[in-house]
Amino acid sequence: MTPLSSRLQRYIPSGRSLVIGGPYLWLALFFLVPFLLVVKISFAEQQLGVPPYTELAQLQDGMVHINLQLGHYTFLLSDSLYFATYLSSLQMAAVSTLLCLLIGYPMAYYIARSNPATRNMLMMAVMLPFWTSFLIRVYAWIGILKNNGLLNQFLMWAHLVRTPLELYHTNTAVYIGMVYSYLPFLVMPLYAHLVKMDLSLLEAAYDLGARPWKVFCQITLPLSRNGIIAGCLLVFIPAVGEYVIPELLGGSDTLMIGRVMWDEFFNNADWPMASAVTCAMVLLLLVPMALFQHYQAKEFEQ
Amino acid sequence: MNAAQAQALHHASTAPDADAFVRIVDVVKKFGEATAVAGVNLSVARNELFALLGSSGCGKSTLLRMLAGFEEVTSGRIIIDGEDMAALPPYKRPVNMMFQSYALFPHMSVAANIAFGLKQEKIGPREIDERVADVLELVQMSKYARRKPYQLSGGQQQRVALARSLVKRPKLLLLDEPMSALDKQIRQRTQIELVNILDKVGVTCMMVTHDQEEAMTMATRLAVMSEGRIVQLGTPHEVYEYPNTRFSAAFIGSTNLFDGNVSVDNPDHIYVECAALPQPVFISHGITGPLGMPVTLSIRPERVRLTRTAPDNTPNQAPGKVCNIAYMGSYTLYHVQLASGKNVMANVSTLAFDNVDPPSYDEEVFVSWAPDAVTVLTK
Amino acid sequence: MIKPNKKLQVGTLAVGFFFLYAPILSLIVYSFNDSQLVTIWSKVSLRWYYALAQDDELINAAWLSLKIGLLTAFASVAIGTWAGFVLARMGRFRGFTLYSAMINAPLVIPEVIQGISLLLLFVEMGKVLGWPAERGVFTIWIGHVMLCVSYVAIIVQSRIRELDTALEDAAMDLGATPLRVFFVITLPLISQALISGWLLSFTLSIDDLVLSAFLSGPGSTTLPLVVFSRVRLGLNPEMNALATIFIGLVTVGVIAANFFMQRAEARRAMPAS
């Protein structure tokens with residue numbers, strides 16, 4: 001055997017690129033290329049027919065004509081309603097994330113500090129709603145939040161309110177729905193970080209004379225920082241583009257970018273405009289996504 | 001044999017012997033910029049148990065992984081029984097390894113673990129069963145054939161791992177830190193058992209360890225490695241009694257080192273002037289080197305004598321004060337501080353105290369040693 | 001161990017779990033309500049379960065979802081395991097950052113983005129290659145697999161990272177080729193991760209609304225699409241009955257899965273004798 005062929009024969013080089021290439025190709029074809037197409041079509045124009053958008057480049061009389069429609073983007077930037085939608089999406093997502101954290105952190109903390117047998121049971125209980133249908137869980141809130149729903153029935157029975165609270169079809173309902181749906185996504189990574197924390201660190205802090213509240217602020221909180229960031233991003237990023245919850249629980253004045261994009265696509269059949277809105281959404285999420293990738297990559301390298 | 005002879009022997013044995021069973025020739029391994037193995041030459045005879053000894057990061061494990069084929073050599077050659085290994089991936093090499101963690105497949109029984117290697121060859125099921133039974137018998141684990149690895153104790157797991165690496169009758173068996181996963185109490189017994197089994201089978205062995213006692217107990221020859229190079233090579237006795245460098249003197253066992261210069265150079269004796277000692281050290285053999293050459297003297301603690309009065313049978317002595325006493329059972333380790341501030345260790349056999357009151361803290365004592373108890377190190 | 005304040009702990013967890021479970025319990029309770037008005041209690045009845053059994057549109061959609069769910073689960077585990085293996089065992093190859101980004105992104109990226117981009121891919125493919133001619137089960141399947149591969153890859157890579165590399169080295173040392181090592185050693189050792197990944201993919205697929213909305217065509221209406229079109233109009237007692245069945249199945253499934261995993265764990269922890 002010559003040195004060259006023997007080197008080729010070695011188990012890594014030839015097989016290795018094949019092994020990497022397989023999933024790489026899959027991801028490129030079904031993730032990267034589609035997204036580039038969205039960018040491309042955001043520069044096309046709406047037309048009647050199949051597909052309902054124009055070609056960017058056309059060959060006419062031996063000349064390549066390139067038509068880039070920039071109108072969608074100028075419209076996205078100049079229209080005040082769109083601007084309000086971006087802000088509102090970010091705000092709704094940010095408030096929901098914060099509420100999730102306020103509810104999720106104590107839950108994750110106390111579950112992680114329970115004894116091991118209870119711990120697993122409780123985590124299973126947190127996960128169980130996540131395994132049931134997302135749509136059904138959002139639907140459940142309609143029955144609770146309606147004017148004659150369970151919550152108002154209870155409040156009136158307890159004489160806490162005289163007239164039913166307006167909740168259904170308001171932003172408040174959307175917040176409740178978002179927190180409810182995304183809570184497990186925050187509790188899971190937080191729990192994972194809190195449960196593997198070395199408890200002797202806390203004992204050492206107590207031993208050195210720190211008060212419980214100080215121990216929490218100076219030891220537990222900093223050590224669960226990556227869990228907090230991961231969990232918040234897992235809630236915030238999808239929440240910005242959420243469609244189902246504002247559609248089912250929100251009112252017609254609940255402005256969310258995912259909903260706008262859906263309407264452009266399905267109701268107005270304006271695919272190029274929907275693509276442009278999608279690009280805007282991606283731009284909006286670029287920084288949080290890069291952060292998320294950064295923290296995930298750190299986990300991979302551990 | 002004196003130090004010079006030991007030196008000569010060392011040189012003779014580093015040059016790879018063309019007839020040796022395993023030959024490692026000028027092997028270099030680089031990971032990017034870092035050099036893990038920097039030009040190693042070694043030869044191992046058939047049925048020898050050879051140990052690579054060194055602290056972590058010295059390149060010994062990398063060398064072992066190159067023998068197994070898990071790492072490619074950057075340059076150099078590895079030849080086993082006349083066959084160059086370069087072209088062979090690990091699964092085609094006539095080499096088997098017993099892993100530090102044992103690496104027993106947790107989802108397979110003991111018997112299936114041992115049969116695994118045989119199943120990769122075209123061997124009939126009956127022969128596989130026979131060979132598995134034989135090797136289980138050899139390591140006295142026949143009763144446990146159906147157990148899963150997690151149902152075995154550490155020592156039993158080790159024997160299964162040994163059986164699994166022996167059953168394919170490899171030309172070279174690699175042992176990676178074979179005792180490190182065992183409790184200290186059972187190590188010594190296991191070392192002897194392991195050597196007995198390997199003797200019975202008659203296999204060429206290369207083991208890697210950071211534990212010098214383990215290497216000395218088990219190996220027929222050993223190589224001390226440091227920073228990717230072999231520092232010294234020889235039998236355990238040679239390496240312990242005639243260390244050739246400060247590094248191997250300090251790494252194998254403990255020792256007292258004194259820096260000095262040769263002040264009198266005669267063919268049959270020399271004197272070495274040391275700053276830490278009150279008078280020149282008399283050494284009863286000659287060395288090759290010029291007058292005034294800087295040298296280091298190594299004196300093993302068990303060769304240092306401790307007396308209350310100045311001894312008259314050797315010029316090599318110094319007064320000092322006992323500053324630390326560690327009772328070790330069969331001997332007591334004394335630390336004596338000399339006037340120069342230098343600490344000298346002396347092992348005193350417990351038997352020596354049968355009729356004498358042992359020296360205690362802050363007592364004035366003398367340390368001394370015989371002219372032939374000193375090894376002169378030139379590097 | 002230092003124990004947290006017991007009262008605070010129990011209180012917090014009680015409030016948290018009440019929030020998580022009250023809506024689900026209300027769904028279940030009112031599924032047995034006879035009244036057409038979901039939130040006004042009249043009397044116990046199985047009326048809406050009978051209605052459900054007669055609802056062909058819903059049942060057909062459920063079968064389709066089940067079929068797509070099974071296909072998705074198998075395909076995602078196959079591709080996701082491969083992808084996760086590359087993530088865990090191939091080191092930092094060229095393009096690693098892009099690769100890991102492409103695996104991570106689907107975990108968080110809003111589904112509407114993935115929906116429209118995959119749709120445009122299929123439309124362009126149809127135009128250029130003439131295939132797929134129209135959207136349907138196949139395109140939904142690809143979309144779901146795309147989503148689930150990321151989840152499986154993440155689960156698998158973290159499990160593989162926990163494995164002692166010496167096990168794979170040992171198998172190769174004993175003469176197994178790399179491909180055999182993967183199938184005979186690596187795969188059996190990560191089987192629990194594969195089961196988790198399978199179940200997660202199946203659930204995500206059955207549950208998915210947004211991707212399916214973009215990728216479905218005539219005659220390929222999945223269960224969430226039907227449910228969505230109905231609950232959009234408000235409350236519907238039949239949906240309560242459906243939800244109850246769904247929750248029942250999932251609860252039994254999760255508890256059973258947990259039971260088997262704990263038993264496997266316990267068997268592993270059996271002391272040496």
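User: How many salt bridges are counted over all chains in this model?
Analyst: Keep in mind that this is a predicted model. A pair counts when a side-chain nitrogen of Lys or Arg is within 4 Å of a carboxyl oxygen of Asp or Glu. By this rule, the count over all chains comes to 24 salt bridges.

User: Nice! Asp81(B) forms a salt bridge with Lys171(B), so to speak, but how many residues apart are the two?
Analyst: The closest N and O atoms of Asp81(B) and Lys171(B) are 3.4 Å apart. Asp81(B) sits in the loop between β4 and β5 of chain B, and Lys171(B) in the loop between α5 and β7. The pair links distant parts of the chain, and the separation is 90 residues.

User: Is Lys171(B) buried, partly exposed or exposed?
Analyst: Buried means under 20% relative accessible area and exposed means over 50%, with partly exposed in between. Lys171(B) has a relative accessible area of 30%, so it is partly exposed.

User: Which residues are linked in a network of salt bridges?
Analyst: This network is found in chain C. Its members are Asp55(C), Glu57(C), Arg230(C) and Glu238(C).

User: Let's turn to the surface. Which helix gives the largest share of the nonpolar patch?
Analyst: The patch covers about 380 Å² and is made by Leu29(A), Leu32(A), Val33(A), Leu36(A) and Leu98(C). One of these, Leu36(A), counts as exposed because its relative accessibility is 52%. The largest share, 4 residues, comes from chain A, from helix α2.

User: Which backbone nitrogen does the side chain of Thr245(B) reach?
Analyst: Thr245(B) lies in the loop between α8 and α9 of chain B, and it counts as buried because its relative accessibility is 9%. Leaving out residues up to four places away in sequence, Thr245(B) touches Val231(B), Leu377(B) and Lys379(B). At 3.1 Å, its side chain reaches the backbone nitrogen of Ser248(B).

User: What is the phi of Tyr102(B)?
Analyst: Tyr102(B) lies in the loop between β6 and α3 of chain B. With 2% relative accessibility, it counts as buried. Although Tyr102(B) is not a glycine, its phi is positive, at about 75°.

User: Asp362(B) has a positive phi too. Is that residue buried or exposed?
Analyst: Asp362(B) has a phi near 65° and is found in the loop between β18 and β19 of chain B. Exposed means over 50% relative accessible area. At 54% relative accessibility, Asp362(B) counts as exposed.

User: Last one: what is the radius of gyration of chain A?
Analyst: Chain A has 14 helices and 2 strands. The globule rule gives 19 Å for 302 residues, and the value for chain A is well over that, so the chain is more spread out than a compact globule. Its C-alpha trace spans about 80 × 80 × 35 Å along the principal axes. The radius of gyration of chain A is 26 Å.

Notes
Residues numbered from 1 in each chain as written. Chains lettered and ligands numbered in written order. Predicted model: local features only at pLDDT ≥ 70, side-chain atom pairs only at ≥ 80, totals over all residues. Heavy atoms only, no water. Patch = residues over 30% accessible without salt bridge, like charges linked within 9 Å, V, L, I, M, F, W, Y side chains within 5 Å. Areas by Shrake-Rupley, 256 points an atom, 1.4 Å probe, with all protein chains shown as cover. Buried < 20%, exposed > 50% of the residue type's maximum accessible area, 1.4 Å probe, protein only. Polar contact = N/O pair within 3.5 Å; in protein donor to acceptor, adjacent residues only side chain to side chain. Contact = heavy atoms within 4.5 Å. Rg over C-alpha atoms; globule rule 2.2 N^0.38 Å.
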